Amino acid sequence: MHPTLWLRVTLSVAAVTCLTLAPATQADGDAKGGGMDMSLMMPKPGPEAAHLQTLVGRWTSHTVMTMEGMPQPMKWDGTQIVTSINGGLGIRFAEKGGGGPMVFEGHGMETWDSVKKKFVGAWMDNMGVGVYTWEGSASDDGKTFTDKMTGWGMTGEMETTTMVSAITDANHR
C-alpha cells in the first residue's frame, strides 16, 4: 500500500473511532450521575410556539392566486393538514387541492426563532422552482400571522409576497 494512502486510511479509522467512542463515554457519565442532564438544555415551547399550535388541524382551503400578467386569478379549493412537530416547537403543513388540469401540492414548516425573535418558515410546492422562506410576526393575541415570503416563482424570477393568515375562530382562518 502506498504510504500516503495508508496514512489517510489510518487517520480516517482513528477519527471514526474517536467519534464513536465519545457518545459512549458521555452516556457512561450520565448513567453514573457525573454527566449533565441533556433535557435541561433542550428548548421548551414558549408562548410563540403556543400561537403556532392553534394552526394544528385539518383545514379546508379556498385559494385565490393573482400574478402580474395573469389575465384571471387562479382559484381552487383544497385541504391543508397542519401537524405539531419537535415537541410542540413547530408545525408542518401539507396542502393539496385544485381542479381541472392542475393539482396543487405544497409542504412547509414553521417555528419561532428565539434569536431573530420572529416566526420563520420554509415552503415548497409544485408551482415554484425552489424553496420559499419567510419571516414574520403574530398579533399579541396570536390570531393574525403576517409573514414576508421570498422565493423563486413560477416564472423563474425572485418573488416577495406578504402572507396574512387570520384565525377568526377555532374552525376558521
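Among contacts in the chain between residues at least 6 apart in sequence, what percentage join residues at least 24 apart? The figure is 29%. Keep in mind that this is a predicted model.

**Start with the whole chain.** Colour the chain by secondary structure. You will find 2 helices and 8 strands. Now follow the sequence from its start.

**Switch to the surface.** The chain exposes about 11700 Å². Carbon and sulfur atoms supply 62% of that area. Of the 173 residues in the chain, 23% are buried.

**Select β2 and β3.** Strand β2 covers 74–85, and β3 covers 90–99. Stop in the loop between them, at Asn86. What is the phi of Asn86? Phi is near 55 degrees, a positive value, and Asn86 is not a glycine. Most residues other than glycine have a negative phi. Is Asn86 buried or exposed? Asn86 has a relative accessible area of 58%, so it counts as exposed, the cut-off being over 50%.

**Move on to β4 and β5.** Select 102–113 for β4 and 118–125 for β5. The loop between these strands holds Lys117. Check the backbone there: Lys117 has a positive phi of about 60 degrees, although Lys117 is not a glycine. Now show the surface around this residue. Lys117 is exposed, and its relative accessible area is 56%.

**Last stop: both loop residues together.** Select Asn86 and Lys117. Asn86 has a positive phi and is exposed. Lys117 has a positive phi and is exposed.

Methods:
Residues are numbered from 1 along each chain as its sequence is written. This is a predicted model: local features need pLDDT of at least 70, side-chain atom pairs count only at pLDDT 80 or more; totals for chains, interfaces and linings use all residues. Side-chain values use heavy atoms; hydrogens and water are left out. Helices (H or I, at least four residues) and strands (E, at least two) are DSSP runs, numbered from the N terminus. Buried means under 20% relative accessible area, exposed over 50%, partly exposed in between (1.4 Å probe, protein chains only). Contact means heavy atoms within 4.5 Å. Accessible areas come from the Shrake-Rupley method with a 1.4 Å probe; for residues, only the protein chains shown count as cover.
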